[in-house]
Amino acid sequence: MPELPEVENIRRTLRPHLLGRGIADVQIYLDRIIKWPSAKDFSAGIAGGVINDVSRRGKYLLVSLASQKLLVAHMRLTGALIASGPGDAPPYARVRFSLSDGNCLWYTDVRTLGALYLLGAGENVIKGLRELGPEPIDGQLTAACFAQIMKKRSAAVKGVLLDQSAIAGVGNIYADEALALAGVMPSRKASDLSPEEAERLREALIGVIGQGIANRGTSFRDYKDGDGKKGDNQNYLLVYGRRGQPCLKCGAPLAYARVAGRGTTYCPRCQK
Ligand SMILES: [Zn+2]
């Protein structure tokens with residue numbers, strides 16, 4: 001699933017293809033990808049629009065139109081937005097946006113669990129977007145803010161990192177990586193972390209997300225950026241996807257357990 005660094009790279013790679021372009025036409029091949037409004041109103045509301053900005057909040061990609069409408073994409077497991085020339089549809093194409101310069105923006109999705117929305121000015125029907133916590137980058141997640149989030153919650157610390165209403169944009173990969181880098185056991189109660197541990201975890205989280213962005217995202221399975229290219233961050237992971245392999249710090253075999261309902265890889269020796 002694209003997490004914050006992957007969606008940020010989709011944003012950065014799509015932006016030069018989209019900024020200032022008009023959307024001449026929208027072709028929907030699978031209606032249920034459109035969650036709001038109806039597929040018909042979605043197409044009608046976008047066609048003729050001009051793209052003003054491409055931004056991101058958490059794992060949501062936001063395309064602002066001059067009409068004040070906002071196109072929102074939530075990729076979930078296998079969704080992707082890919083800019084291309086006017087040629088044939090890529091595999092698993094679900095929506096085609098035909099641009100005024102003759103090129104296309106495609107929404108593709110293998111598992112079809114992703115979602116597209118078109119919001120009017122000031123309209124926000126997306127509960128997950130409305131209730132997002134602070135961004136870990138952009139300076140929003142200060143030491144005081146992070147300490148407060150941890151102190152208030154008795155759930156497993158990994159579950160808190162994954163809770164989009166606590167902190168925006170973190171998924172399974174970057175949660176496992178941050179906990180490994182900070183040396184914190186994923187199943188620890190968030191409220192039991194010492195102030196030093198919480199601060200180490202905050203810095204680790206900001207670090208692994210920054211590294212993920214710099215390496216153009218983690219392509220463990222399906223992830224591709226707006227140009228259809230894979231990222232490199234899968235080559236730099238400490239624990240995610242390395243179950244049973246030696247810990248890069250101490251050499252002990254990495255353990256695997258379910259924490260907060262998610263598969264979790266960690267070092268039983270380095271993480272306390
Ligand atoms: Zn270790």
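## A strand pair to start from

In strand 9, Leu 119 is the bridge partner of Leu 70. Strands here are DSSP runs of E with at least two residues, helices are DSSP runs of H or I with at least four residues, and both are numbered from the N terminus. Two strands pair if DSSP finds at least two bridges between them. Strand 5 (residues 70-74) pairs with strand 9 in the antiparallel sense, over five bridges.

Strand 9 also pairs with strand 2 (residues 34-36), in the parallel sense and over two bridges. There, Ile 34 has Leu 116 of strand 9 as its bridge partner. A residue is buried if 20 or more other C-beta atoms lie within 10 Å of its own, exposed if 12 or fewer do, and partly exposed in between, with C-beta atoms placed from the backbone. Strand 9 (residues 115-119) has four of its five residues buried, so it is largely enclosed by the rest of the structure.

## The model and its overall form

This is a predicted model: local features need pLDDT of at least 70, side-chain atom pairs count only at pLDDT 80 or more, and totals for chains, interfaces and linings use all residues. Residues are numbered from 1 along each chain as its sequence is written.

The protein has seven helices and eleven strands. Its C-alpha trace spans about 55 × 35 × 30 Å along the principal axes. The radius of gyration, taken over C-alpha atoms, is compared with a globule rule of 2.2 Å times the number of residues to the power 0.38. For 272 residues, a compact globule would have a value near 19 Å, and the protein has 20 Å, which agrees. Of the 272 residues, 42% count as buried.

Strand 7 (residues 93-99) pairs with strand 1 (residues 23-28) in the antiparallel sense over five bridges. Gln 27 stands opposite Arg 96 in strand 7.

Strand 7 and strand 8 also run antiparallel, joined by five bridges. Val 95 has Tyr 107 in strand 8 as its bridge partner. These two strands form a hairpin with four residues between them, and Gly 102 in the turn has a positive phi of about 90°.

## Helix 1

Just after helix 1, Gly 20 takes a positive phi of about 80°.

Twelve of the 15 residues of helix 1 are buried, among them Val 7, Ile 10 and Leu 14. What covers these buried residues includes strand 3 (51-57), strand 4 (60-65) and helix 7 (195-214).

## Two domains

Domain bounds come from an automatic or database domain assignment. The protein is divided into domain 1 (4-130) and domain 2 (143-266), and their C-alpha centres lie 28 Å apart. The contact takes 19 residues from domain 1 and 18 residues from domain 2, where two residues are in contact if their C-beta atoms, placed from the backbone, lie within 7 Å. On the side of domain 1 that touches domain 2, helix 1 gives the largest share, nine residues.

Ala 144 lies in helix 4 (residues 143-151). Ala 144 is exposed, with 8 other C-beta atoms within 10 Å.
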